[in-house]
Amino acid sequence: MQSHIRKQLLDAFANAGDDFISGQSIAEITGSSRTAVWKHIEALRKDGYTVEAIRRKGYRITGFPGKMSADSIRMALNGTTFGEHIYYFDSVDSTQKIANELASNGATEGTIVVADQQTGGRGRLARKWFSPENTGVWMSLIIKPNIPIYQAPQLTLLTAVAAAKAIEEQISIAPYIKWPNDLLLNNKKITGILTEMQAEADSIHSIIIGIGINVNQKQTDFPEELQEIASSLQIETGQIFAREAIISSFLRHFENLYMVYQKEGFAVVKELWESYAISVGRTITATTINEKIVGVALGITDQGVLLIKDEQGQIHNIYSADIEI
């Protein structure tokens with residue numbers, strides 16, 4: 001089946017939800033004959049989709065291939081313009097590298113790069129990010145905000161809020177955000193975010209947001225050195241989750257917040273971020289390149305800078321640091 005026809009057909013089924021789509025409607029959507037409609041349906045079945053067919057009602061998809069793919073992600077998307085362009089890979093070095101290349105070559109805003117496995121996944125400060133196959137969401141998103149360069153860090157915090165909302169939607173438990181961009185459940189890391197920028201001296205071309213969410217790992221799936229500090233949604237709930245649903249939820253929450261942010265500024269995002277923050281109001285230790293600061297986290301500024309008040313009453317602006325709680 002041609003890729004554009006496959007996309008049109010899957011988009012139509014996704015928009016229909018549990019409703020049937022008539023053969024005539026499919027023919028009109030795909031620009032095909034009624035005979036070709038049957039061939040398109042059989043091609044979906046061959047690829048692992050369960051397609052129910054009822055005379056005088058039409059068709060609907062009731063089951064999906066067990067393996068994640070661009071098509072399965074597209075089917076899960078619901079009401080977002082982000083994700084219209086999906087680049088999916090079974091295994092890559094890093095989705096960030098591919099997304100950076102795509103952005104350099106003019107990829108549109110909302111393009112996503114998703115991999116089942118990363119062999120060279122990375123987080124902040126060039127740290128490795130463990131990204132095994134069949135377990136997590138390893139994704140990069142390209143956006144092109146019309147904002148000054150100094151405001152770019154705000155989008156890392158916006159991403160953290162969108163990820164927190166998506167996870168809370170799936171498991172009915174609110175994760176905590178540890179400044180600036182780690183998400184925790186039971187004090188163990190389940191999500192990391194890496195934001196990179198393509199810009200000139202006074203303007204942003206693209207921002208590439210990498211996000212890794214530990215979804216279906218068991219504790220023994222993690223290397224021994226990570227087992228005490230990392231967790232997954234499955235470990236915390238005992239349930240297995242559809243990664244496509246998490247991608248869809250994240251994109252929906254991100255897009256909604258992003259639209260509000262561009263119209264109204266950072267204030268709404270700041271309030272939401274602080275509501276999820278584990279550190280606000282608690283004594284924390286911030287280790288920067290030059291010093292170690294112990295004090296109470298007061299919150300963040302409009303630029304996303306963390307404020308810490310030490311025992312002497314001095315307030316420190318923290319731009320980059322490792323945080324211990």
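How many residues does the hairpin that joins β8 to β9 run through? The hairpin passes through 4 residues, and point 2 below returns to these strands.

1. Basis of the note. This is a predicted model, in which local features need pLDDT of at least 70 and side-chain atom pairs count only at pLDDT 80 or more, while totals for chains, interfaces and linings use all residues. Residues are numbered from 1 along each chain as its sequence is written, and side-chain values use heavy atoms, with hydrogens and water left out. Helices (H or I, at least four residues) and strands (E, at least two) are DSSP runs, numbered from the N terminus.

2. Strands are taken to pair if DSSP finds at least two bridges between them. Strand β7 (residues 182–185) is joined by 3 bridges to strand β8 (residues 188–199), the two running antiparallel, and Leu184 has Lys189 of β8 as its bridge partner. The hairpin of β7 and β8 has 2 residues between the strands, and Asn186 in this hairpin takes a positive phi near 50 degrees. On to strand β9 (residues 204–214), β8 pairs in the antiparallel sense over 9 bridges, with Ile208 in β9 as the bridge partner of Glu196.

3. The salt bridge of Lys189. A salt bridge is here a side-chain nitrogen of Lys or Arg within 4 Å of a carboxyl oxygen of Asp or Glu. The side chain of Lys189 meets that of Asp182 in such a bridge, at 3.2 Å from N to O. For accessibility, buried means under 20% relative accessible area, exposed means over 50%, and partly exposed lies in between (1.4 Å probe, protein chains only). On this scale Asp182 is buried, with a relative accessible area of 13%, whereas Lys189 is partly exposed at 25%.

4. Other salt bridges. A search of the whole structure finds 10 salt bridges. One of them links Asp90 with Lys67, the closest N and O atoms being 3.4 Å apart. Asp90 lies in the loop between β3 (86–89) and α5 (95–104) and Lys67 in the loop between β2 (58–63) and α4 (70–76), so the pair ties together parts that are 23 residues apart in sequence. Asp90 counts as partly exposed at 46% relative accessibility, and Lys67 counts as partly exposed at 42%. Glu274 and Lys270 also meet through their side chains in a salt bridge (3.3 Å, N to O); both lie in helix α9 (residues 267–276), 4 residues apart, about one turn of the helix. Salt bridges that share partners join Lys67, Asp90, Asp116 and Arg243 into one network.

5. The nonpolar cores. A nonpolar core is a set of buried Ala, Val, Leu, Ile, Met, Phe, Trp, Tyr and Cys residues joined through side-chain atoms within 4.5 Å. The largest such core has 63 residues, of which Phe250 and Phe254 touch the most other members. Helix α6 (residues 153–171) supplies the largest share of this core, 11 residues. With contact taken as heavy atoms within 4.5 Å, Phe250 touches Met139, Leu141, Thr159, Ala162, Ala163, Ala166 and Ile211, not counting residues up to four places away in sequence.

6. Helix α8. The 22 residues of helix α8 (residues 243–264) should span 32 Å at 1.5 Å a residue, and its end C-alpha atoms are 31 Å apart, which agrees; the expected span is 1.5 Å times one less than the number of residues. Just after α8, Gly265 takes a positive phi of about 90 degrees.

7. The five-stranded sheet. An open sheet is formed by 5 strands in the order β13-β12-β11-β10-β14, with antiparallel pairing. The edges are taken by β13 (315–318) and β14 (322–324), each with a single partner strand, so one side of each is left without a neighbour in the sheet. Neighbouring strands of this sheet are turned by 45 degrees against each other on average, direction ignored. Within the sheet, 5 bridges join β11 (residues 292–300) to β12 (residues 306–310), and Ala297 has Ile308 in β12 as its bridge partner.

Notes: Axes are lines fitted to C-alpha atoms, for helices over the stretch in contact, and angles run from 0 to 180 degrees between N-to-C directions.
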